[in-house]
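Grab a pencil and work through these exercises with the model in view. Try each task yourself before you read its solution.

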Amino acid sequence: MEIKDKVIKYGNDINTDLIIAGKYTKTLSNEELAVHAMEDLDVHFTKKVKGASIVVAGSYFGCGSSREAAPVALRAAGVSCVFAKSFARIFFRNAVNVGLPIVECDTDRINDGDTLRYVLGSSEVINETTGESIPVNPLPEIMVKIFQTGGLVQYFRETGGY
Amino acid sequence: MGKTFAEKILSRCAGYDVTVGDIVFAKPDFCISHENASAICATFKKIGVDNVFDPDKIVLTFDHTVPASTIAYANAHRVVRKFAKEQGIENFYDMNKYGGVCHQIMCQEGFSAPGLVIIGSDSHTCTSGAMGAFAVGVGRTEMAGVWATGELWLKVPDAISIEVTGDFQPGVGAKDLILRIIGDMRADGADYCSVEFYGDGIENMSIADRMTICNMCVEMGAKNAVCKPDDKVRAALEGKAKSDKWEMVWADDDAEYLASYRYSLEDIAPAVAKPHTVDNYATISEATGIKIDQALIGTCTNGRLEDLRAAAEVLKGRRVKVRTMITPASVEVYRQALKEGILETLLLSGCTITPPGCGACIGLSSGVLGDHETCISTANRNFKGRMGSKEGFIYLASPMTAAWSALHGEIRDPREHFESASDKAGGGQA
């Protein structure tokens, strides 16, 4: 599975309240979550993501509340993959479980508007704009499989277990 | 090279030696959920499995609103009751079953024990590390998956060791220590790490104190926290352990840690976490004089008998200046506090005893904050809006600090109480 698109770049410590405000988490509708994704951080996010589905950030992406609605909102908004230097632990797990691909790597040499190409599970991401290959922390096989099926529920429906 | 506690536990799960970064498939010994079990039930049904993997390994409590404060919560309770009955889940602590906050139930009722793997759909699941368990919080979808398959993947975490030595000074408690540690390490200081506490300072502490410390490690990002288990843990499990699989497990002396720290309890002083982050540490002198409208003493962080006893000792024979909520961590704590006369002392000093549970900490019932109000709270989070109004302010502190501040209507140093108490007793030579 190859992901290739333009980048929207943000900074460090993007918390789950910025990803999706608590007041929207009571809704279970993905469409509604998608509309409000990242709105407190970037009001143009939902427009931008249509032409640039890769989110790149600094360290500790997804910190704060453990709400599962955060990765759900990003995925529903059309985000294809999040690259960050590090992720908060529960966000990381939630992202895997809801099928939002996330990758740890040095993001300093990726800029807003760059085009990235990444094959899920591989050990490098190519910045096509700069021509640079950036090593990533390779995703374990089980996570690649979960991402490919679209999340844990779907994975278990298809496989019945690990 | 030796292994950390986390590496040892996860090597046992895997059946081979693992190291940091490896992915392990683990079969948890117990799974704990509270009201969010209603959402987990819905996801569980989507997976398309009829029965949970083992009803005896699932523990359910109600703690977020007990009794239910809204129709939505009453309906969530209904869903969980029905599911527990359908699935034959006996470890279901409904309101007529002597319940309490899920983390308290796990430790108090003998589910959490050394060497066991505990999974909970609540971020403060790490509390069970006080009993020597490897206890990890997960999301709802993940818990649904565990209910269906009995398994989950766990990444072997880096670990941080914290040696604690000595004994607390009068007026200082476990809350002051953990607030200091989080202040030093900051909110992401232990992200994805196993935080492993040991030393004579830990041995000197009650299990209640160890629970306070482990409970709050998630506030610096920890995957799990654990105190080296000892005879106190063994005694607490006597005749109570719900699994015979437990055994004393601890890190090797030559384990490799990402970082190691040392705290001497003699150096720990009363402290608060100022609004609106838990790592916003301040010494009590920096916060003294801040006016408060409410005090909250209890919850899963500081709602055990020892905590209520400490508050009662400060409040005895005096009257609080602001409304003060006492929220025991469980019905059992409530009963023992009643038996010891602690609740009478607290009631006579003007406190309101709420039903056991999360209480006002999550801003759903039992004392939510209004606009521009300030609360001193023994709970674990002071985020904006956590206890109600987004215009509210929460200072986190120990039960002694909260009680002494409640008497004065402003944040005050609880050591003042102990100085005057020792003067009266003819001591005070220090």
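## Exercise 1: Chain A on its own

Of the 162 residues in chain A, 46% count as buried, where buried means that 20 or more other C-beta atoms, placed from the backbone, lie within 10 Å of the residue's own. A quick word on ground rules: this is a predicted model, where local features need pLDDT of at least 70 and side-chain atom pairs count only at pLDDT 80 or more, while totals for chains, interfaces and linings use all residues. Residues are numbered from 1 along each chain as its sequence is written, and chains are lettered from A and ligands numbered from 1 in the order in which they are written.

**Task.** Work out how many helices and strands chain A has, and in what order they run.

*Solution.*
- Step one: look for DSSP runs, with helices being H or I of at least four residues and strands E of at least two, numbered from the N terminus.
- Step two: count them up, and chain A gives you 7 helices and 7 strands.
- Step three: starting at the N terminus, read off β-α-α-α-β-α-β-α-β-β-β-β-α-α.

**Task.** Check the radius of gyration of chain A against that of a compact globule.

*Solution.*
- Step one: the rule, for a radius taken over C-alpha atoms, is 2.2 Å times the number of residues to the power 0.38.
- Step two: for 162 residues a compact globule would come out near 15 Å, and chain A has 15 Å, so the two agree.
- Step three: for the outline, the C-alpha atoms fill a box of roughly 45 × 40 × 25 Å along the principal axes.

## Exercise 2: Where A meets B

**Task.** Describe the side of chain A that touches chain B.

*Solution.*
- Step one: call two residues in contact if their C-beta atoms, placed from the backbone, lie within 7 Å; 20 residues of chain A then touch 24 of chain B.
- Step two: on chain A's side, the elements giving two or more residues are α5 (89-98) and α7 (152-159).
- Step three: α5(A) gives the most, with 6 residues.
- Step four: sort that side by class into 11 nonpolar, 5 polar and 4 charged residues. Here Ala, Val, Leu, Ile, Met, Phe, Trp, Tyr, Cys and Pro are nonpolar, Asp, Glu, Lys and Arg are charged, and the others, Gly among them, are polar.

## Exercise 3: Inside chain B

**Task.** Which domains make up chain B?

*Solution.*
- Step one: an automatic or database domain assignment supplies the bounds, giving domain 1 (22-244 + 255-264) and domain 2 (271-422) of chain B.
- Step two: their centres, over C-alpha atoms, are 23 Å apart.
- Step three: the contact takes 34 residues from domain 1 of chain B and 37 residues from domain 2 of chain B.

Methods
Buried ≥ 20, exposed ≤ 12 C-beta atoms within 10 Å, placed from the backbone.
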